[in-house]
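Good morning, and thank you for coming. I would like to take you through one structure today, beginning with a helix and what covers it.

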Amino acid sequence: MDSPLWVYLLGLAGMAIYGVRIVVQWYLSEKAHEVVSPGIYWVMSSIGAIVLYIYGWLRKDFSIIFGESIGYYIYMWNIAIMGLYKNTPRWVFVAQALFPVLIIGLMLRDFPAFTHDFLMNEKVPPGLLALGMIGQFTYEIRGVYQLVYSMKRKESILPLGHWILAVAGSLMIIAYGLIRHDWVLVIGQFAIVFSIRNIMISLASSKRKKDS
């Protein structure tokens, strides 16, 4: 291991939060016989993203921070449109909104060091970093797709395309994690099973609606 054990445990905690969110979402979808978008899914997504931001910073892994940056504010949008911020203290919302700025500020406070540690890290050569960033981008761009899809309908929805992109991104992240010897990233992608199941539920639900 090239990082202290506690760093990996922190990353594993972030992945566990992400994992629990999709297990809950999948369970509720199975009960409803259609893919649902529960508020707890987005709240746990936001918490998991904060933990993984810190993990990526400690691991000096720009691909992780890059990936979390794509989806972070989308999680906040879904929480907001569901009205879940109404009873939340204002400072919590402000702190949540500024957190990525803090992490990126810590990275960039010494730009030469940032370039050396994050972009020219000998443990993450350019080709491997590119694979990690493409995987994270593919995985997280599902959130942009979900956001556009939901904004058009003025409600939080988890459409079929969201899960297809999740599966494609997960496969690339698993490959990156295996090459990087980052077992946290590999274990964290166990959620691919639930993404595949959501694809199946979504297709079955669409078929029922067409047949009715």
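Let us begin with helix H9. Among the elements that cover its buried residues are helix H1, residues 5–32, and helix H7, residues 160–180. Please keep in mind throughout that this is a predicted model.

Which residues of H9 are buried? They are Ile 192, Phe 194, Ser 195, Asn 198, Ile 199, Ile 201, Ser 202 and Ser 205. The helix itself covers residues 192–211, and its length can be checked: at 1.5 Å a residue, its 20 residues should span 28 Å, and the C-alpha atoms at its ends are 29 Å apart, which agrees.

The largest nonpolar core contains 42 residues, and Tyr 55 and Trp 163 have the most contacts inside it. Helix H3, residues 62–81, is the greatest contributor to this core, with 7 residues. As general background, nonpolar side chains in soluble globular proteins tend to be buried together.

Gln 189 is placed in the loop between helix H8, residues 183–188, and H9. Is Gln 189 buried or exposed? Its relative accessibility is 6%, and since buried means under 20%, Gln 189 counts as buried. Beyond its neighbours up to four places away in sequence, Gln 189 is in contact with Met 15, Tyr 139, Ser 170, Ile 173 and Ile 174.

I turn now to charged pairs.

Lys 209 is exposed, at 56% relative accessibility, while Glu 34 is partly exposed, at 32%.

The second pair joins Arg 59 and Asp 182, whose closest N and O atoms are 3.3 Å apart. Arg 59 sits in the loop between H2 and H3, and Asp 182 in the loop between H7 and H8, so here the parts tied together are 123 residues apart in sequence. Are these two partners buried or exposed? Arg 59 counts as buried at 3% relative accessibility, and Asp 182 counts as buried at 0%.

Most residues other than glycine have a negative phi. What is the phi of His 33? The value is positive, about 60 degrees, although His 33 is not a glycine. This residue is in the loop between H1 and H2, and it counts as exposed at 52% relative accessibility. Lys 60, also not a glycine, has a positive phi of about 55 degrees. Lys 60 lies in the loop between H2 and H3 and is partly exposed, with a relative accessible area of 34%.

In the loop between H7 and H8 we find His 181. This residue is exposed, at 65% relative accessibility. The C-alpha atoms of His 181 and Asp 2 are separated by 9.4 Å, although the two residues are 179 residues apart along the chain.

Finally, the surface. Which residues form a nonpolar patch there? Ile 40, Val 43, Ile 47 and Leu 84 do, with about 290 Å² of accessible area together. Of these, Val 43 is found in helix H2, residues 39–58, and is partly exposed, with a relative accessible area of 30%.

Thank you for your attention.

Note on methods
Residues are numbered from 1 along each chain as its sequence is written. This is a predicted model: local features need pLDDT of at least 70, side-chain atom pairs count only at pLDDT 80 or more; totals for chains, interfaces and linings use all residues. Side-chain values use heavy atoms; hydrogens and water are left out. Patches are made of residues with over 30% relative accessible area and no salt bridge: like charges are joined within 9 Å, nonpolar side chains (Val, Leu, Ile, Met, Phe, Trp, Tyr) within 5 Å. Accessible areas come from the Shrake-Rupley method with a 1.4 Å probe; for residues, only the protein chains shown count as cover. A salt bridge is a side-chain nitrogen of Lys or Arg within 4 Å of a carboxyl oxygen of Asp or Glu. Helices (H or I, at least four residues) and strands (E, at least two) are DSSP runs, numbered from the N terminus. Buried means under 20% relative accessible area, exposed over 50%, partly exposed in between (1.4 Å probe, protein chains only). The expected span of a helix is 1.5 Å times one less than its number of residues. Contact means heavy atoms within 4.5 Å. A nonpolar core is a set of buried Ala, Val, Leu, Ile, Met, Phe, Trp, Tyr and Cys residues joined through side-chain atoms within 4.5 Å.
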